Amino acid sequence: MSDKRYDNDSLVIGRNAVIELIKSGREIENVLIAKGEREGSVNRIVALCKEKGIVIKTTDKKKLDAITNGANHQGVAANASAHEYSSVENILAYAEEKDEKPFIIICDEIEDPHNLGAIIRTAEACGVHGVIIPKRRGAGLNFTVAKTSCGALEYMRVARVSNLADTIEKLKKKNIWVYAADMDGQRWDKTDFSGGAALVVGSEGKGVGRLIKEKCDVTVSLPMLGRVNSLNASVAAGIIMYEIARQRLD
């Protein structure tokens with residue numbers, strides 16, 4: 001068969017299968033196209049992706065062969081989302097519906113799906129109203145994220161935005177304080193998290209990006225008493241999330 005669909009991370013393989021996936025309206029993380037493939041139905045796939053704002057990633061044919069386990073991918077594959085996305089507006093509306101100050105987690109280029117899944121799991125346990133992730137340069141809601149969240153993804157609103165910096169500015173205009181979890185900030189347990197709060201968690205290697213950090217109101221840090229100088233992103237996020245939750249319970 002020329003088109004085949006795998007259950008592994010909801011990978012859809014083959015030109016016709018990818019076209020039908022796009023037309024179905026289902027959430028798509030990205031479409032993978034082998035380098036040099038820009039003819040025939042591939043042009044239609046590119047046009048559909050641009051029309052619907054779907055991320056296109058160009059990849060090496062050998063890498064695509066490996067991803068698809070040697071299937072006849074025809075130079076095209078797509079990663080379908082494991083869950084529908086929400087919106088920032090819906091997250092804020094949910095907080096208002098519960099008559100609570102907004103409590104939001106913002107993931108700045110978290111690329112490891114295991115970390116994103118763990119963050120979502122802890123966020124749900126801490127009463128977070130929603131998680132915001134970037135449309136590019138970060139893990140999306142794939143099946144690894146869903147599995148790692150241990151069911152929490154079914155209850156957590158996740159919004160995917162094109163511009164995190166602009167989103168932060170919009171949140172600040174709604175009286176939500178934005179806190180960056182990063183080095184060289186004030187102690188997390190000496191920080192007042194009362195009121196609307198959005199916690200920014202940075203990537204595993206670089207931390208919170210410079211532009212995003214400049215947009216934040218406060219930088220909060222965890223003391224490092226050992227020889228390593230950083231914590232896993234999901235662990236650091238979890239500690240601070242529970243401090244915010246604790247202050248809300250007091």
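How many nonpolar, polar and charged residues does the lining of the second largest pocket have, by class? I looked this up before anything else, keeping in mind that the model is predicted. The lining has 11 nonpolar, 7 polar and 3 charged residues.

**Entry: second largest pocket**

I read its volume as about 390 Å³. I found 21 residues lining this pocket, and those nearest its centre are Ala181, Asp182, Met183, Ser230 and Leu231. I then asked which elements supply at least two residues of the lining. They are strand 9 (176-187), strand 11 (218-221) and helix 9 (233-249). Helix 9 gives the most, with 4 residues.

**Entry: strand 11**

Strand 9 and strand 11 run parallel and are joined by 5 bridges. For Gln186, I noted Val220 as the bridge partner in strand 11. I also checked the two faces of strand 11, and both are covered. Val218 and Val220 lie on one side, Thr219 and Ser221 on the other, and all of them are buried.

**Entry: largest pocket**

I put the space in the largest pocket at about 560 Å³. Its lining has 23 residues, with Asn30, Leu32, Lys57, Asn79 and Asn142 the closest to the centre. Two or more lining residues come from each of strand 3 (28-34), strand 4 (56-59), helix 3 (61-67) and strand 7 (130-134). By class I recorded 7 nonpolar, 7 polar and 9 charged residues in this lining.

**Entry: strand 5**

I next looked at the pairing of strand 5. Strand 2 (residues 11-13) pairs with strand 5 in the antiparallel sense over 3 bridges. Val12 has Ala78 as its bridge partner in strand 5. Strand 3 also runs antiparallel to strand 5, and 5 bridges join these two. Here I picked out Leu32, whose bridge partner in strand 5 is Ala77.

**Entry: helix 7**

I went through helix 7 (residues 164-173) and found Leu164, Ala165, Thr167, Ile168 and Leu171 buried. They are on the same side of helix 7, because they cover an arc of only 160 degrees around the axis. An α-helix has 3.6 residues a turn, so residues three or four places apart point the same way. I looked at the face turned away from the buried side and found the exposed residues Lys170 and Lys173 there.

**Entry: two positive phi values**

Most residues other than glycine have a negative phi. I noted Asp99, which is not a glycine, with a positive phi of about 60 degrees. Asp99 sits in the loop between helix 4 (88-97) and strand 6 (103-107). Glu109 is not a glycine either, and its phi is positive at about 60 degrees. I placed Glu109 in the loop between strand 6 and helix 5.

Is each of the two buried or exposed? Asp99 counts as exposed, because its relative accessibility of 73% is over the 50% cut-off. Glu109 counts as buried, because its 18% is under the 20% cut-off.

**Entry: Asn115**

I moved on to helix 5 (residues 113-125), where Asn115 is found. Asn115 is buried, at a relative accessible area of 5%. Setting aside neighbours within four places in sequence, I listed its contacts as Ile110, Glu204, Asn232, Ala233 and Ser234.

**Entry: Ala159**

Ala159 belongs to strand 8 (residues 158-161). I read its relative accessible area as 1%, so Ala159 is buried. Which residues is Ala159 in contact with, leaving aside neighbours within four places in sequence? I found Tyr85, Ser86, Ser87, Val88, Ile91, Val131, Ile132 and Ile133. For Val88 I also took the C-alpha separation from Ala159, which is 5.8 Å for two residues 71 residues apart along the chain.

Technical notes. Residues are numbered from 1 along each chain as its sequence is written. This is a predicted model: local features need pLDDT of at least 70, side-chain atom pairs count only at pLDDT 80 or more; totals for chains, interfaces and linings use all residues. Side-chain values use heavy atoms; hydrogens and water are left out. Buried means under 20% relative accessible area, exposed over 50%, partly exposed in between (1.4 Å probe, protein chains only). Contact means heavy atoms within 4.5 Å. On a 1 Å grid over the protein atoms alone, a cavity is a set of points where a 1.4 Å probe fits but cannot get out, and a pocket is an open set with protein on both sides within 12 Å along at least five of seven lines; lining residues have an atom within 4 Å of a point. Grid points are joined across faces, edges and corners, and a volume is the space filled by probe spheres set on the points. Ala, Val, Leu, Ile, Met, Phe, Trp, Tyr, Cys and Pro count as nonpolar, Asp, Glu, Lys and Arg as charged, and the others, Gly among them, as polar. Two strands pair if DSSP finds at least two bridges between them. The arc is that of the directions from the helix axis to the C-beta atoms.
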